Amino acid sequence: MRQLKQIKSKTGETGLKLRLPDEVRFLKNWLGNPMRTGAVAPSGPQLAALMASLIDETITGPVVELGPGTGVVTSAILARGITPERIVSIEYNPDFCSLLRERFPGVHFVEGDAYAIRTTLGDVATNPLAAIVSSLPLFTKPPAERLGLLNEALDLLAPGAPFIQFSYALVPPVPEDAGDFEIVRSNWILMNLPPARVWTYRRRAKG
Ligand SMILES: C[S@@+](CC[C@H](N)C(=O)[O-])C[C@H]1O[C@@H](n2cnc3c(N)ncnc32)[C@H](O)[C@@H]1O
């Protein structure tokens, strides 16, 4: 108990205050819409830190997050040194959006559909983007829709910039032979519940 109280988040909330309500919030939203929420609990800090570490610090421009939920990955992106003003984050769920706006001042949260990424971003983020960090539950959508999102996202990115996606599955959410991109696969993050891994997609260099 004392140990939990000592854990402080970036926003100054205690570990106890931060974790319990977020897990309850997730469960409530998952029960209401399991396909859209995609997980019964927020990702663990190890998975979030791995995703953020894959952002290439040498590429300038906005960093776009898809499906922030209660903000564990947003927090890791900030901890990676990306300033709040560079982050634009798209979340479908209005309750999560209100919480995120309180929790992360300066980050731009857009309430909308990440599958229509270009339209939803509008002119909020100027291309080319430095990275896209996605926690969307891609396997709940048909393969053609996943591929459509990935292609649109890769077209918004700077050359060599990553589309970073986690999943709990054995296979990538979009296979490498489906398009003009390369995939780098991480090791399993066993500390996450359930264990997860990260798939990093990049457009193949021309020529
Ligand atoms: C698996 S949760 C991940 C949440 C958080 N990033 C984490 O790792 O704990 C997926 C999130 O994506 C959001 N989401 C699902 N479909 C979406 C869509 N089409 N557009 C925007 N957000 C969406 C859900 O509301 C949920 O917050």
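Mentor: The largest nonpolar core has 55 residues, and Leu 66 and Ile 117 are those with the most contacts inside it. A nonpolar core is here a set of buried Ala, Val, Leu, Ile, Met, Phe, Trp, Tyr and Cys residues joined through side-chain atoms within 4.5 Å, where buried means under 20% relative accessible area, exposed means over 50%, and partly exposed lies in between, with a 1.4 Å probe and protein chains only. Helix 8 (residues 143-156) gives the most to this core, with 5 residues; helices (H or I, at least four residues) and strands (E, at least two) are DSSP runs numbered from the N terminus. This is a predicted model, in which local features need pLDDT of at least 70 and side-chain atom pairs count only at pLDDT 80 or more, while totals for chains, interfaces and linings use all residues. Residues are numbered from 1 along each chain as its sequence is written, and side-chain values use heavy atoms, with hydrogens and water left out.

Let us stay with Leu 66 for a moment. Leaving aside neighbours within four places in sequence, Leu 66 is in contact (heavy atoms within 4.5 Å) with residues including Ile 90, Ala 114, Ile 117, Ile 132, Leu 149 and Phe 163.

Helix 5 (residues 72-79) has Val 73, Thr 74, Ala 76 and Ile 77 as its buried residues. Because these residues cover an arc of only 160° around the axis, they lie on the same side of helix 5, the arc being that of the directions from the helix axis to the C-beta atoms. The buried residues of helix 5 pack against helix 4 (45-53), strand 1 (63-66), strand 2, helix 6 (94-103), strand 3 (108-111) and strand 4 (131-134). After helix 5 comes Gly 81, with a positive phi near 105°.

Strand 2 (residues 87-91) holds Ser 89, which counts as buried because its relative accessibility is 0%. Not counting residues up to four places away in sequence, Ser 89 touches Glu 65, Pro 68, Val 107, His 108, Phe 109 and Val 110.

Finally, consider the loop between strand 5 and strand 6, where Val 174 is found. Val 174 is buried, because its relative accessible area is 4%, and beyond its neighbours within four places in sequence its contacts include Arg 146, Leu 147 and Leu 150. Val 171 is found in the loop between strand 5 (163-167) and strand 6 (181-185), but Val 171 is partly exposed, because its relative accessible area is 47%.
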